[in-house]
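Here is a short briefing on one protein model. Please look it over, then read the points below.

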Amino acid sequence: MRIGIIIPDRNDRPLFLKNCMRLIQAQTLQPEIIELVNYEAESENVDITQRYRRGYDNLRNKGLDVIALIENDEWYSPNYLETMINGWVNNGKPDIFGTNYTIYYHIKLFAYFTMHHLTRSSAMSTLIKPDLFFKWCVDDQPYTDLHLWSILKGVTFKPNKPICLGIKHGVGKCGGMAHVDKLHRYQNELSVNDSNKTFLRDIMDSESFEFYSNYFNN
């Protein structure tokens, strides 16, 4: 299985990028190509779609079987790629594939909530076939995932246990900010307070736990 990875990056959160590369190196199933889309921003606008688009085009005709969209600040378990690839294969290798829920964890508030979305996945937990031809949304659209899942034929699944976390923090500019600006989502009856960091500690390796739990103390 030849796997490509696209990582959009604006050079504005180097500690997250360094940690992301560590998480990729720890994967039980290693990618063939890591496409780090890191260049000087061409405007002040959010440009995650532009970076995903250019990264995808750069991976054309490389003989890849599938591409994983990886966001540099998120946490990925060591078996993330293996679990995703097995799910993709078992579901007939659709054009787009991902998890049917996302856990968003705020590392300033130490609280989290789960967003269920049965017909799509978040970009951070999406696989896409290479060499497809489709129309991308505009470059400054922050929600690339909504567009891709609306135009491609996809399948979602629910892993047996969390294999990734959407980490929220407010550092840098790449995609949508709704999960950072709308802090009430972490402080209502649907959210979970994790001030003692038990949830974080239970699902992460020790190095990841130290990185995310102490990020703003560094």
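At what angle do the axes of helix H1 and helix H7 cross? They cross at roughly 165 degrees and come within 12 Å. This is a predicted model: local features need pLDDT of at least 70, side-chain atom pairs count only at pLDDT 80 or more, and totals for chains, interfaces and linings use all residues. Residues are numbered from 1 along each chain as its sequence is written, and side-chain values use heavy atoms, without hydrogens and water.

**Helix pair H1 and H7**
- H1 covers residues 14-25 and H7 covers residues 206-213. Helices (H or I, at least four residues) and strands (E, at least two) are DSSP runs, numbered from the N terminus.
- Axes are lines fitted to C-alpha atoms, for helices over the stretch in contact, and angles run from 0 to 180 degrees between N-to-C directions.
- H1 is therefore roughly antiparallel to H7 (angles over 145 degrees count as such).
- H1 contributes Leu15, Phe16, Asn19, Arg22 and Leu23 to the contact, and H7 contributes Glu207, Ser208, Phe211 and Tyr212. Contact means heavy atoms within 4.5 Å.

**Sheet**
- Five strands form an open sheet of mixed pairing, in the order E4-E10-E6-E7-E11. Two strands pair if DSSP finds at least two bridges between them.
- The edge strands are E4 (75-76) and E11 (192-193), each pairing on one side only.
- E7 (residues 111-116) and E11 run antiparallel, joined by two bridges. Alanine 111 has asparagine 193 of E11 as its bridge partner.

**Buried positions**
- Buried means under 20% relative accessible area, exposed over 50%, and partly exposed in between (1.4 Å probe, protein chains only).
- In helix H4 (residues 144-151), Thr144, Asp145, His147, Leu148 and Trp149 are buried. Their cover includes helix H2 (48-58) and strand E3 (66-69).
- Isoleucine 163 sits in the loop between E9 and strand E10 (164-168). Isoleucine 163 is buried, at 4% relative accessible area.
- Beyond its neighbours within four places in sequence, isoleucine 163 contacts residues including Trp75, Tyr76, Tyr80 and Met84.

**Positive phi**
- Most residues other than glycine have a negative phi.
- Asparagine 61 has a positive phi, near 60 degrees. Asparagine 61 lies in the loop between H2 and E3 and is exposed, at 72% relative accessible area.
- Lysine 93 also has a positive phi, about 55 degrees. Lysine 93 is in the loop between helix H3 (80-90) and E5 and is partly exposed, at 36%.

Methods
Angles under 35 degrees count as roughly parallel, over 145 as roughly antiparallel, 65 to 115 as roughly perpendicular and the rest as oblique.
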